[in-house]
Amino acid sequence: MTREARSRVLHGIGIPLAALAFIALLLYAFSRILLAVPELVAPWVSLLFAMNILIGCTLAALLRGPRAFAFLAGVIVVTIVAGGIAGAGAGERPIHSLVAEEGAEGGGAPAEGEAPAEEETPAEEEPPAEEEPPAQEEPPAEDGAAAATVDIVAESLAFDTQELELPAGETVTIHFENQDTGQAHNVAIYTEEGGEPIFQGEIITGPDAIDYTFEAPEPGTYYFQCDVHPFMNGTVTVG
């Protein structure tokens with residue numbers, strides 16, 4: 001093979017390889033720049049370099065002479081390479097990663113140099129608590145206890161009953177419900193009509209309800225009424 005043929009072969013292989021190496025160098029240098037600048041600034045830096053290359057190629061096409069083209073290309077290349085060297089020296093910015101988040105939460109793999117977290121041993125199951133025996137039902141109250149509470153209702157200026165029965169000598173409760181809206185009523189017990197009071201309940205304005213609790217008198221027949229409306233009355237039998 002002659003020297004001229006050998007030179008053509010070397011140029012045919014060497015020029016593409018040199019171009020690839022040159023492009024790889026520029027890409028690496030440019031990546032160092034983008035990884036060094038803040039995340040929000042990186043797109044603007046990319047746009048700036050793209051405009052720089054576009055303007056440089058335009059000027060290279062307009063300028064005449066190989067020296068002008070070489071000078072312009074050199075400026076662009078030196079700018080990118082110098083920026084890449086500066087970015088490599090500054091170091092990469094912290095990269096936010098979902099994998100890093102999962103690792104921080106304990107779901108990812110341990111970082112290099114860290115010992116894997118020990119798996120928690122399952123806690124021993126506690127024996128089931130003994131079931132408590134069902135509560136025994138209380139025996140029903142005797143008739144006397146059941147009679148210790150009576151109900152009476154006032155409606156349309158009248159009691160719903162004119163007869164009350166109370167056990168003698170016991171604590172009794174009268175559950176009084178006033179259903180007359182805006183009307184005041186109570187329940188009071190007297191020895192007889194117009195006699196001495198035995199018990200006078202609090203006056204309430206309807207609609208409302210109240211419980212009167214007091215000691216029942218001795219066996220006998222008594223009189224009850226509403227102190228506000230005495231025509232609302234009846235008989236109390238204590239026995």
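**Stop one: a pair of histidines**

Select histidine 185 and histidine 229: their side chains are joined by a polar contact of 3.1 Å. (A polar contact is a pair of N or O atoms within 3.5 Å; within protein, one must be able to donate a hydrogen and the other to accept it, and residues adjacent in sequence count only if both atoms are side-chain atoms.) Histidine 185 sits in strand β4, residues 184-185. (Helices, H or I of at least four residues, and strands, E of at least two, are DSSP runs numbered from the N terminus.) Is histidine 185 buried or exposed? It is buried, because its relative accessible area is 0%. (Buried means under 20% relative accessible area, exposed over 50%, and partly exposed in between, with a 1.4 Å probe and protein chains only.)

Before you move on, know that this is a predicted model, where local features need pLDDT of at least 70, side-chain atom pairs count only at pLDDT 80 or more, and totals for chains, interfaces and linings use all residues. Residues are numbered from 1 along each chain as its sequence is written, and side-chain values use heavy atoms, leaving out hydrogens and water.

**Stop two: around β9**

Now pick glutamine 225, in strand β9 (residues 220-225). Its relative accessible area is 13%, so glutamine 225 counts as buried. Show its side chain and you'll find a polar contact of 3.1 Å to the side chain of aspartate 227.

Next, click valine 228, in the loop between β9 and β10 (233-238). Valine 228 is partly exposed, because its relative accessibility is 35%. Which distance separates the C-alpha atoms of valine 228 and glutamine 183? It's 9.3 Å, although the two are 45 residues apart along the chain.

**Stop three: the loop between β1 and β2**

Jump to serine 156, in the loop between β1 and β2. Serine 156 isn't a glycine, yet its phi is positive, about 55°. At 59% relative accessibility, serine 156 is exposed. Leucine 157 is in the loop between β1 and β2 too, and its phi is also positive, near 55°. With a relative accessible area of 33%, leucine 157 is partly exposed.

**Stop four: a cis bond**

Finally, zoom in on the peptide bond from glycine 206 to proline 207: it is cis, with omega near 0°. You'll find proline 207 in the loop between β7 (204-205) and β8 (208-215).
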